[in-house]
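Reader: I would like to go through this model label by label. For each one, please give me the value and the cut-off behind it.

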Amino acid sequence: MSHTYVCGLVHCVFSTKHRRNQIPIEVQPDLWAFLGGIARKNGMRALIVGGIENHAHILLSLSSQISLAKSMQLIKGASSRWMNENHVKGFAWQEGYGAFSVGISQRNQTIAYIRSQPEHHRKQSFEEEFVAFLNRHGVTYDPRYVWG
């Protein structure tokens, strides 16, 4: 086979530093578009980007050329710089992130979930949501270190 074909869907979740509300509602559409553009520029595809004032979700189709860690470094680094230069001085993302595999049969459900973030967070905090993701995916974690 002369080409490489990859279908690696990953639901990536990351918050602002200290989970501060640093993503104003009026900036969110531009930030989500910018995150998608960074992915595209680096050979990935963002199927959907969304979130609320203190965190972002991306359903990312990974490239065969760069690792998940490098993908997140590129996305978070460029968007943090863009936010600082254009919208919120002192903006920063948390150091880490969550990345959860998504099967092709879960793609549409995941897209709907990310699209409904504002409604979802009327009932559940980001902290509750993130810990639920860790538990649902069987990720071992130490509660003392989840939030940095």
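Author: Start with the aromatic cluster. In this predicted model, Phe100, Tyr113, Phe126, Phe130, Phe133 and Trp147 form one such cluster. The whole structure holds nine aromatic pairs.

Reader: Why is the pair of phenylalanine 100 and phenylalanine 130 called edge-to-face?

Author: Two values decide it. The ring centres are 6.3 Å apart, and a pair needs centres within 6.5 Å. The planes stand at 70°, and over 60 degrees counts as edge-to-face. So the pair is edge-to-face. The pair also links distant parts of the chain, with phenylalanine 100 in strand β4 and phenylalanine 130 in helix α5, 30 residues apart.

Reader: What makes the pair of phenylalanine 100 and phenylalanine 133 stacked?

Author: Here the planes are at 25°, and stacked requires under 30 degrees. Phenylalanine 133 is in helix α5 and phenylalanine 100 in strand β4, so the contact ties together parts 33 residues apart in sequence.

Reader: Which charged group sits over the ring of phenylalanine 133?

Author: The charged end of arginine 136 does, 5.1 Å from the ring centre. The distance limit for that label is 6 Å.

Reader: How do you know whether phenylalanine 100, phenylalanine 130 and phenylalanine 133 are buried or exposed?

Author: Buried means under 20% relative accessible area. Phenylalanine 100 has 3%, phenylalanine 130 has 7% and phenylalanine 133 has 5%.

Reader: What about valine 139: why is it called partly exposed?

Author: Its relative accessible area is 34%. Buried would need under 20% and exposed over 50%. The value falls in between, so valine 139 is partly exposed. Valine 139 belongs to the segment after α5. Leaving out residues up to four places away in sequence, valine 139 touches Phe100 and Leu134. Glycine 138, which also follows α5, has a positive phi, near 70°.

Reader: What puts the buried residues of α5 on the same side?

Author: Those residues are Phe126, Glu129, Phe130, Phe133 and Leu134. They span an arc of only 135° around the axis, so they share a side of α5. Their cover includes β1, β3, β4, α3 and α4.

Reader: And how do you know that the buried residues of α3 line one face?

Author: Thr110, Ile111 and Ile114 are the buried ones in α3. Down the axis they fall within an arc of 100°, so they line one face of the helix. They pack against β1, β2, β3, β4 and α4. On the face turned away from them, α3 carries the exposed residues Asn108, Gln109 and Arg115.

Reader: Which residues touch the most other members of the largest nonpolar core?

Author: Leu31, Leu35, Leu60 and Ile75, in a core of 23 residues. β1, α1, β3 and α2 each supply at least two of its residues. The largest share, five residues, comes from α1. Beyond its neighbours within four places in sequence, leucine 35 is in contact with Val49, Ala56, Ile58, Ile75 and Ser79. Apart from this core lies another, of seven residues, including Val13, Phe130, Leu134 and Val146.

Note on methods: Residues numbered from 1 in each chain as written. Predicted model: local features only at pLDDT ≥ 70, side-chain atom pairs only at ≥ 80, totals over all residues. Heavy atoms only, no water. Core = buried A, V, L, I, M, F, W, Y, C linked by side-chain atoms within 4.5 Å. Buried < 20%, exposed > 50% of the residue type's maximum accessible area, 1.4 Å probe, protein only. Helix = DSSP H or I, 4+ residues; strand = E, 2+ residues; numbered from the N terminus. Contact = heavy atoms within 4.5 Å. Arc of directions from axis to C-beta. Phe/Tyr/Trp six-rings, centres within 6.5 Å; stacked < 30°, edge-to-face > 60°. Lys NZ or Arg CZ within 6 Å of the ring centre and 35° of its normal.
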